[in-house]
Amino acid sequence: MTALAVVPLLALAACAGAQAGTDVAAPEDDAAKAKAVGLQISTSPEQDRVRSTESPDAIALLPAAIAERGVLKVATSASGSAPLTFLADDEKTPIGNETDIAQLVADALGLELRLEVRAWADWPLALQSQDVDAVISNVTVTEERKELYDFSSYRNDQLGWIVGAEGDVEAITEPADIAGLKVAVGSGTNQEKILLAWNEENIANGLEPIKDGEPDYFDNLADALLALQSGRLDAYVGPNASLAFTAASSPQDFRIAGTLNGGWPLTAQIAVATLKGADLAPAVTAALAHVFDDGTYLEVLQRWGLEGEAIDKPETNPPGLPKTS
């Protein structure tokens with residue numbers, strides 16, 4: 001079994017996922033130092049996942065078709081963004097915090113879990129086509145998305161700014177800090193909306209726009225890391241869990257320049273997405289409530305160093321980020 005030792009991400013977020021193909025240091029180079037603070041992550045496909053028990057209350061809320069099928073089909077991304085979702089050593093098995101949450105939900109619902117790897121941008125189509133029942137892939141609740149999908153919240157949305165360890169960028173805590181920088185982001189993400197809003201605010205205040213007037217777009221974190229290392233980028237904004245994992249694994253190459261809530265200037269939550277009209281969200285929320293109560297929810301977050309993003313309780317369709325237009 002392969003194990004990867006990293007600094008707990010809670011500590012990283014308070015003081016301030018590498019994939020094959022990048023030039024970041026091998027994880028074992030930092031193992032001795034990281035082991036002292038106690039987080040061990042297995043990258044083997046034979047995951048010893050945290051398991052929960054059946055919840056009669058949640059099962060009673062299941063739509064009949066899914067209950068009769070006995071299988072919960074869940075889409076997740078596995079693009080290398082550890083510790084959220086990434087591929088195991090066999091390069092085909094999705095593992096990470098999101099897949100572990102999916103297992104807990106399936107356990108509480110008394111269903112067999114069937115994971116399907118999809119590109120993150122394809123999750124809306126996966127639900128609309130009813131190829132899957134749910135998406136558990138770091139999806140932020142927004143009011144616009146709630147027009148088509150239901151949500152069951154399970155984690156706070158935390159974003160981070162990653163920069164080169166030896167770069168000129170000292171800290172990114174407010175819009176003015178990105179003026180004139182070459183910045184990248186994932187297309188169609190909530191962080192893209194925030195980045196564009198910061199850029200517009202800078203322009204309105206007479207500051208420089210980001211370099212070239214618009215962001216660079218990367219759908220793959222590994223590609224963005226290479227661009228940072230080569231000096232083609234000054235900063236990349238994305239889910240802090242993945243970026244903090246990268247910085248912990250390769251501190252000589254990267255560091256976190258700042259963090260912000262994914263709902264800036266409001267507070268956003270990450271949730272399980274289901275198709276509106278499918279009537280699955282109440283059952284999923286009840287399943288999450290069960291694993292919150294039995295402690296397995298927090299156990300999973302602690303396993304992946306994400307306890308700093310825990311919420312007090314799950315909700316069905318909590319307030320989402322407002323529409324931008």
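How many aromatic pairs does the count come to? The answer for this predicted model is six aromatic pairs.

## Aromatic pairs

One of the pairs joins Trp120 and Trp123. Their ring centres are 6.2 Å apart. Their planes stand at 75°, so the pair is edge-to-face. The cut-off for that label is over 60 degrees.

Trp120 is partly exposed, with a relative accessible area of 24%. Trp123 is buried, with a relative accessible area of 4%. Buried here means under 20%.

## Salt bridges

Side chains of opposite charge can pair when their charged atoms come close. In this model the count is 14 salt bridges. One of them links the side chains of Glu98 and Arg155, at 3.2 Å from N to O. Glu98 sits in helix α5 (residues 97-108), and Arg155 sits in strand β8 (residues 149-156). The pair therefore ties together parts that are 57 residues apart in sequence. Glu98 and Arg155 are both buried.

Helix α5 also supplies Asp100. Asp100 forms a salt bridge with Arg303, and their closest N and O atoms are 2.5 Å apart. Arg303 belongs to helix α11 (residues 296-303), so this pair ties together parts that are 203 residues apart in sequence. Asp100 is buried, as is Arg303. Arg49 comes in as well: salt bridges that share partners join Arg49, Asp100 and Arg303 into one network.

Another salt bridge pairs Arg118 with Glu116. Here the closest N and O atoms are 3.0 Å apart. Arg118 is partly exposed, at a relative accessible area of 24%.

## Packing of α5 on α10

Two packed helices are described by the angle between their axes and the distance between the axes. How do these values come out for α5 and helix α10 (residues 281-293)? The axes come within 8 Å and cross at roughly 100°. That angle falls in the range of 65 to 115 degrees, so α5 and α10 are roughly perpendicular to each other.

Which residues make the contact? From α5 come Ile101, Leu104, Val105 and Ala108. From α10 come Val284, Ala287, Leu288, His290 and Val291. By class, the residues of this contact are eight nonpolar, one polar and no charged.

## Helix α9

Is helix α9 (residues 240-249) made of buried or exposed residues? The count is 10 of the 10 residues buried, so α9 is largely enclosed by the rest of the structure. Among the buried residues of α9 are Leu243 and Phe245.

## Lys92 in its loop

Where is the place of Lys92? Lys92 is in the loop between β4 (86-87) and β5 (94-95). Lys92 is exposed, with a relative accessible area of 64%. The cut-off for exposed is over 50%.

Lys92 and Ala78 are 14 residues apart in sequence. In space, they are 8.9 Å apart, C-alpha to C-alpha.

Note on methods:
Residues numbered from 1 in each chain as written. Predicted model: local features only at pLDDT ≥ 70, side-chain atom pairs only at ≥ 80, totals over all residues. Heavy atoms only, no water. Phe/Tyr/Trp six-rings, centres within 6.5 Å; stacked < 30°, edge-to-face > 60°. Buried < 20%, exposed > 50% of the residue type's maximum accessible area, 1.4 Å probe, protein only. Helix = DSSP H or I, 4+ residues; strand = E, 2+ residues; numbered from the N terminus. Salt bridge = Lys/Arg side-chain N within 4 Å of Asp/Glu carboxyl O. Axes fitted to C-alpha atoms, helices over the stretch in contact; angles between N-to-C directions. Parallel < 35°, antiparallel > 145°, perpendicular 65-115°, else oblique. Contact = heavy atoms within 4.5 Å. Nonpolar A, V, L, I, M, F, W, Y, C, P; charged D, E, K, R; others polar.
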